[in-house]
Amino acid sequence: MKTPDDSRRSEADGENNNREQENRSDTSHNKSPLLSDPWKPCRRHRAVVKELLLKLRCCLGTVCGIEWYGYAALGILTAILSFLMDLSVAKLLRAHQWLYTMLEGNVLLQFFCWTLYPACICAIASSFSHNICPFSTGSGIPEVRTMLAGFEMPHYLSLTNLFSKFLGLICTLAAGSTVFLGKVGPFVHLSTMVGGYLSNLCTLIQRDKKEKAAGEMLVVSAGVGVASCFGAPIGGVLFSVEVMSSHFALRHYCPCFFSAACGALTFRLLAVWGGDGETLQALFRTNFPDALPFYPLEILLFAFLGLLCGAVSCCYLFCHRWILRFTKTNPVFAKMLTTEKGLYSGMVVFFLASLTFPHFAGQYMASKYTMKELLTSFLDSRQWTSQSHNTSEQLEPLLEWSSSGTSVYFSLVFFLLMKMWMLVLACTLPLPAGYFMPVFIYGAAIGRLIGEGAAYLSSTGVTPGQQWASVNPGGYALAGAAAFSGAVTHTLSPVLVAIELTGQFTHAVPILLATLMANALSRSGHRPSFYDALSISKRLPHLPSLKKASPQLPSTPVGQVAVKSVLLQKAAGPVEAEQAVRTSTEMQIPVVDSYESQTLLGFVLRSELLTFLRRWKTESPEKHLDEGCCIHQTSIVISPHNTVQEAHSILSLLGSQTLFVADEGKLVGLITWPEMKRILEDLAKEI
């Protein structure tokens, strides 16, 4: 039987036990679960693994910097994603072709199979992307350019966006040549998202290089996306320089080439291991003649081809800008693209598929070919016109392009006329899609038409005194592909992409000449490129694009937008310094000679000002600002008559956060990087 003392002891013991449990719960909330939970299994083994990982990090760090392993991992992971996407798309396309073939003999069922399959799969892609992550639609290149310019857009680098964009792009590509869209732009965005997560990992491993690892990884990711799509590392890096970065630092060259080479090598090795070839080779193998690739007088035809591609690109870019404005201003289209994206995508794709039905207009456009088969047929070095009269040995591409019994010229012209407006309409689809490969193939069709014409004229003896029997139409197709895609994007990187895609260095000079001529014509009049038009339509604060839309906006004088900041005179005391710290949030506070003259002497750091105030509180003697703080000299001071564009360039190149504005030595104000971002956002809203 318990005595009253025993009961009191048990109650005290219970209270002590409760206090100990509460203390344990509080401690468990404050500490890491891995360290505080005594019931975690295999604690000893996990400690051994952690120690081994730390030793591995030290060993790897002695070979090279940790960020270089991140660059290699970026290229390899992006190439794996590209290979898995191509594999999935190929299986879906084969399933569609198998179902269409099994319905042979019933035209009505074939029509529904041809139209409903891509319409449903694109509607699913649009609805899925809209519901999971609305930021996953479109190309993604305008947003990546804006992020590389210094603007934070965390939603475009999220894991949800990565997942939805990857699956949505598979559905888009599975629609085939009916929709006529590619994967380059979204894959640049995907590689940037992978690079963002790898930069966070490198930041955890080495905390002292946070800004460097995060900045370089995003720049490197842009080139890796192109290299992993085509196996073209050099063209991918040049694409990153031309399209993605307004100011490309030389220190990014080696990481870009290293990561792009890792991605291209992995992509081609995966293709070899997948049975698509016996060794590493170009993605589109060609058999151009090496002995006499082209005649000297053909240079004039290549120059004419470049001018033609430039003129057609101006027409295409005009139509593209018009359709973007129309979808923004038309109430019906604006409502459907806002609330009924799946329905809009299904209707547009069904309409496009109906036009490309092989028993209808599709028989004149080789609609049964996939995107890869279309480009392969255009790059064929043999002449279709000379084989059309030989019924016993007709080429496989010729059988598809003249299946209806019409001329090859009619099929090519019809293809160019139809695909022009069909591609413009497909660009309005709210789903993940790339626009580089379609214009690349379209340019190849233009070049093929010119090449077939040149081959026909040479075979009829129009050029006496020379035997032009070996005119290569495929070379014109390759030059046209690079020229038209370069004119649309205002770049020269398609030259290297075309050469690396085919491995044909014999046509390097004609391709470069045609691309230069096309760029000269398309850039005249300060017309915006394809990606500039997308940035303008989305009102992104990207200064080069804003300059194309309205040249007078970036020319705004800095004096009109400079911010009046808190300042201190060199003889300021602790009371004035304390007031400046309370009222200002800037890291650099300007210092003038006196409040009356406003002559700029330099700036004082906020951290040093706080140290000055702490010393004043602990020590009795009162000192002036120039006695207790170091006044730093300003390296660059701009005039209020300088433009916003010049101030933006200085901030971007120097990487500084503050730029002082002075007129004849008198402080007018300052421009900070956050303030510059706000200015560009306001300029974008005015368009």
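1. Let's start with a helix on a sheet. Helix H28, residues 644-654, lies across strands S4, S5 and S6. Relative to S5, helix H28 runs at about 140°. Keep in mind as you look around that this is a predicted model.

2. Now for the sheet under discussion. What is the order of its strands? The three strands go S4-S5-S6, in an open sheet with mixed pairing. Strand S4 (637-638) and strand S6 (666-672) are at the edges with a single partner strand each, so each has one side left without a neighbour in the sheet.

3. Have a look at how S5 and S6 are joined. Strand S5 covers residues 658-663 and runs antiparallel to S6, with six bridges between the two. If you want to trace the pairing yourself, pick out Leu-659, whose bridge partner in S6 is Ile-671. Then move along to Val-661, which stands opposite Gly-669 in S6.

4. The turn deserves a quick stop. S5 and S6 make a hairpin, and two residues sit between the strands. Glu-664 is in that turn, and its phi is positive, at about 55°.

5. Next, a residue elsewhere in the chain. Where is Thr-428? You'll find Thr-428 in the loop that links helix H18 (408-426) to helix H19 (436-459). Why call Thr-428 buried? Because its relative accessible area is 9%, and the cut-off for buried is under 20%.

6. Who surrounds Thr-428? Setting aside neighbours within four places in sequence, Thr-428 is in contact with Ile-323, Thr-327, Leu-337 and Tyr-344. There is also a polar atom of the Thr-428 side chain that lies 2.6 Å from the backbone oxygen of Leu-425.

7. Finally, the annotation. The unreviewed UniProt entry gives "transmembrane region" for residues 68-87, 107-128, 162-180, 218-241, 253-274, 294-319 and 343-361. What does the model show over two of these stretches? Over residues 294-319 the chain is 85% helix and 0% strand, with the end C-alpha atoms 35 Å apart. Over residues 343-361 the chain is 68% helix and 0% strand, and here the end C-alpha atoms are 24 Å apart.

Terms used: Residues numbered from 1 in each chain as written. Predicted model: local features only at pLDDT ≥ 70, side-chain atom pairs only at ≥ 80, totals over all residues. Heavy atoms only, no water. UniProt positions renumbered as here; feature names shortened; annotations may be inferred. Helix = DSSP H or I, 4+ residues; strand = E, 2+ residues; numbered from the N terminus. Buried < 20%, exposed > 50% of the residue type's maximum accessible area, 1.4 Å probe, protein only. Polar contact = N/O pair within 3.5 Å; in protein donor to acceptor, adjacent residues only side chain to side chain. Contact = heavy atoms within 4.5 Å. Pairing = 2+ DSSP bridges. Axes fitted to C-alpha atoms, helices over the stretch in contact; angles between N-to-C directions.
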